[in-house]
Amino acid sequence: MDAIVLQFLDGLAKGGNYALIALGLTLIFGTLGVVNFAHGALFMLGAFCAVTVQKLLTLSERVKDESITFFDAYKEIPYLETWFGDTGHMLIDYSVPISLLAAIPVMLLIGLAMERGLIRFFYHRSHAEQILVTFGLAIVLQELVKAQFGANPIPTPAPEVVAGSLDIGVWFNVEGSIVYPYWRLIYLAFSTVVISAVFAFLQFTTFGMVVRAGMQDRETVGLLGINVQRRFTIVFGIAVIVAGLAGVMYTPIQSPDYHMGMDFLVLSFVVVVVGGMGSLPGAVLAGFLLGVLQSFASMNEVKSIIPGIDQVIIYLVAVIVLQVRPRGLLGRKGVMEG
Amino acid sequence: MAPTVSAIGGSARTDFIFMMLFAAAVLTAPFWASFIGAGYPDLLQKWAIYGLFAIGFNILFGLTGYLSFGHAAFLGIGSYAAVWSFKLLTMNVLPAIAFAILFSALFALAIGYISLRRTGIYFSILTLAFAQMSYNLAYSVLTPITNGETGLKVIPTDPRILEELAGVRNTAVAPTTSLFGVEMTGYPGFYFCAVILIIGFFIAMKIARSPFGTMLKAIKSNQTRMNYTGFNTRPYTLAAFVISGMYAGMAGALLASTDPLAGAERMQWTASGEVVLMTILGGAGTLLGPVLGAAVIKYFENIFSAFNEQVLNAMFSFLPEVLKEGAVAVAGLFVGEGWHLTLGVVFMLIVIFLPGGIMEGIRRVHKLFKRSDGSSRSGAAAESA
């Protein structure tokens, strides 16, 4: 029983990540009709926002280490600590949450630049060409990051307060049986908040209403004298922010390296397709669903029945969904039923 | 169409000349490639092998327009089949190639049958999903067959039944691949790959010219209309998929023949992306384009990777010191370790400005010269256009 709860929790946390990336992809596809293969790279850029912030916060000076007297030894002390003492130390400790704030404007700028500079020229070209050019862009972004930060993963730890694990079992009077890392729980909560925020934004603001209308029938909304294009550009920016924030929050779970985006790209596309191209609730639902399925598939009990299932479950689900229901779980009828 | 663009469509005679020129160019590659610093067998083999891979990919993507993002799976399957043939039967490369083609064809048949039920992006995702499944399985539960992360290798004590029967099995030294006694390393290896490349090119040309090829092109230009005329397109696309999978399997077998080793990383989706890059870079839908694209990418992979700071410093030594440092720093981003950056930038530029790839570039330049003559008929047509 506890094992199942634990796997379920793990699945939700994984699913939160899938859902966040897939949500951005779907926003872009649903509004602009563009298949963005660079989305994984944007996720990676978000993660490297966190790395950059951490690097900036820990800029250090070399001071002589007085405790060693046999020879001249030096140690690095971050400026923040020399200037602010314990407050400085705390700032460094909280570098990942701080990066969230930094990532929003940075990712928005990147998103707007990308849409205006490249994507808009590809509205009317085939999906294949969109895939190709964004794939090229992904390679470029990846290599630039590699040139700047090197090829090795860079550890970016979570704040010390939440470094350990939480014993959830205590709440149900079964101490010690359901122990789960704090940060993954935070990630799950964070993804829920971001997803809700995006949905609320689309549902309850005038801007969101226009965007939804534009997704339904772009031409008519345009005929009403509304500049749909400008709003869609902003939506692109929002999608990029979502990917970036997901990247920032993911850094304590997996130390970022330059090709982390590529690993998630394939998965997130599968999620989008399973949920239904262009369906936002579909992307979220499929994200959590596939996350949970993957968690259960990697249980030893399941693996002993069907060996290797944990490696292929997501792709298998995608293949089956595409065979029996090509528009995806929540896809609208007639939209992209290839 | 002018004779120089016979790669697109020409008479039997221009085809024959084109074929002969291609064969001559490939077979004399060791000679002319030495002028551009590529005259060593390792790179030449790669040219031929990846050229073959790209030709096969082009039969699917270039002719039917179906963008597969999982073709590397067939390359990997071909490699594994070939290495198993080396281990179990004989070190001769011919059975290895036969097995590789057989197995990749079977896999392509199964994967194609399912994937081709969808078009467009769904097809791409399906092929991607299958390739990732193969890759993940090769790394995990299929380790007894694939030897997981270490990769499948030949060892002296392999059974090699056919050699055993012939009484030539030698368990003392590391075995090498051969074609009836000729070792498949160095230049003999290249010539073997080159001959297969020429045969593969010839078959691809015959396919493009045949009614079957015309049918595939018709599917690319408007599949819905084909279906409305009561025409079942599935068998044709499936045939194209299997043929192109067989090319990939053959390329995999050649990779294993020149270096008897197979690893799962050959099946990763970024490897599938590479053949897409090659085909687009050269020119999808043309005969020569994919080979050119493969050659260009493999050439620059070798040349650019070898560049380092010293070479750059020497290159920019004519500049004043301040400028030189800047130039070296900027250029350093694009070479050596970072040559993929060059690839990405070039690829983006090609997709944006020259969707027809190198071949379209050649055609445009050609047209430009025609126009400056101002006398020929096509030149006049170009002016009026």
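**Close-up views of a predicted two-chain model**

**View 1. B:F353, an exposed residue of chain B.** B:F353 is exposed, with a relative accessible area of 57%. The cut-off for exposed is over 50%, so B:F353 qualifies. This model is predicted. B:F353 sits in helix α17 of chain B. Along the sequence, B:F353 and B:L128 are 225 residues apart. In space, their C-alpha atoms are 27 Å apart.

**View 2. A:L23, a buried residue of chain A.** Helix α1 of chain A holds A:L23. Is A:L23 buried or exposed? A:L23 is buried, and its relative accessible area is 0%. A:L23 and A:Q148 are 125 residues apart along the chain. Their C-alpha atoms are separated by 29 Å.

**View 3. A:E143 in helix α6 of chain A.** A:E143 belongs to helix α6 of chain A. A:E143 has 6% relative accessibility and counts as buried. How far apart in space are A:E143 and A:L224, C-alpha to C-alpha? The distance from A:E143 to A:L224 is 44 Å. In sequence, 81 residues set A:E143 and A:L224 apart.

**View 4. A:I186, a partly exposed residue.** A:I186 lies in helix α7 of chain A, which covers residues 182-204. The relative accessible area of A:I186 is 29%. That value falls between the cut-offs of 20% and 50%, so A:I186 is partly exposed. A:F264 is the reference point here. A:I186 and A:F264 are 78 residues apart in sequence. Their C-alpha atoms lie 20 Å apart in space.

**View 5. Helix α16 of chain B, seen along its length and around its axis.** Helix α16 of chain B has 14 residues, 321-334. At 1.5 Å a residue, the helix should span 20 Å. The C-alpha atoms at its ends are 20 Å apart, which agrees. Which residues of α16(B) are buried? They are B:K324, B:A327, B:V328 and B:A331. These four cover an arc of only 105 degrees around the axis, so they lie on the same side of α16(B). The face turned away from that buried side carries exposed residues. These are B:V322, B:E325, B:A329 and B:V330. Just after α16(B) comes B:G336, with a positive phi of about 60 degrees.

**View 6. The largest pocket and its lining.** Rolling a probe the size of a water molecule over the atoms shows where empty space is left. The largest pocket holds about 1,100 Å³ of space. How many residues line the largest pocket? The lining has 42 residues. Nearest the centre of the pocket lie A:H259, A:M262, A:D263, B:Q268 and B:W269. By type, the lining divides into 20 nonpolar, 12 polar and 10 charged residues.

**View 7. Helices around the largest pocket.** Helices of chain A and of chain B contribute to the lining of the largest pocket. From chain A, α1 (2-32), α6 (127-149), α11 (260-275) and α14 (309-324) each supply at least two lining residues.

**View 8. Chain A as a setting for the close-ups.** Chain A has 14 helices and 4 strands. Its C-alpha atoms fill a box of roughly 75 × 50 × 35 Å along the principal axes. A compact globule of 338 residues would have a radius of gyration near 20 Å. Chain A has 22 Å, which agrees. Of the 338 residues in chain A, 53% are buried.

**View 9. Chain B as a setting for the close-ups.** Chain B has 19 helices and 4 strands. The box filled by its C-alpha atoms is roughly 70 × 70 × 40 Å along the principal axes. For 385 residues, a compact globule would have a radius of gyration near 21 Å. Chain B comes to 22 Å, which agrees. Buried residues account for 52% of the 385 residues of chain B.

Conventions. Residues are numbered from 1 along each chain as its sequence is written. Chains are lettered from A and ligands numbered from 1 in the order in which they are written. This is a predicted model: local features need pLDDT of at least 70, side-chain atom pairs count only at pLDDT 80 or more; totals for chains, interfaces and linings use all residues. Side-chain values use heavy atoms; hydrogens and water are left out. On a 1 Å grid over the protein atoms alone, a cavity is a set of points where a 1.4 Å probe fits but cannot get out, and a pocket is an open set with protein on both sides within 12 Å along at least five of seven lines; lining residues have an atom within 4 Å of a point. Grid points are joined across faces, edges and corners, and a volume is the space filled by probe spheres set on the points. Ala, Val, Leu, Ile, Met, Phe, Trp, Tyr, Cys and Pro count as nonpolar, Asp, Glu, Lys and Arg as charged, and the others, Gly among them, as polar. The expected span of a helix is 1.5 Å times one less than its number of residues. Buried means under 20% relative accessible area, exposed over 50%, partly exposed in between (1.4 Å probe, protein chains only). The arc is that of the directions from the helix axis to the C-beta atoms. The radius of gyration is taken over C-alpha atoms; the globule rule is 2.2 Å times the number of residues to the power 0.38.
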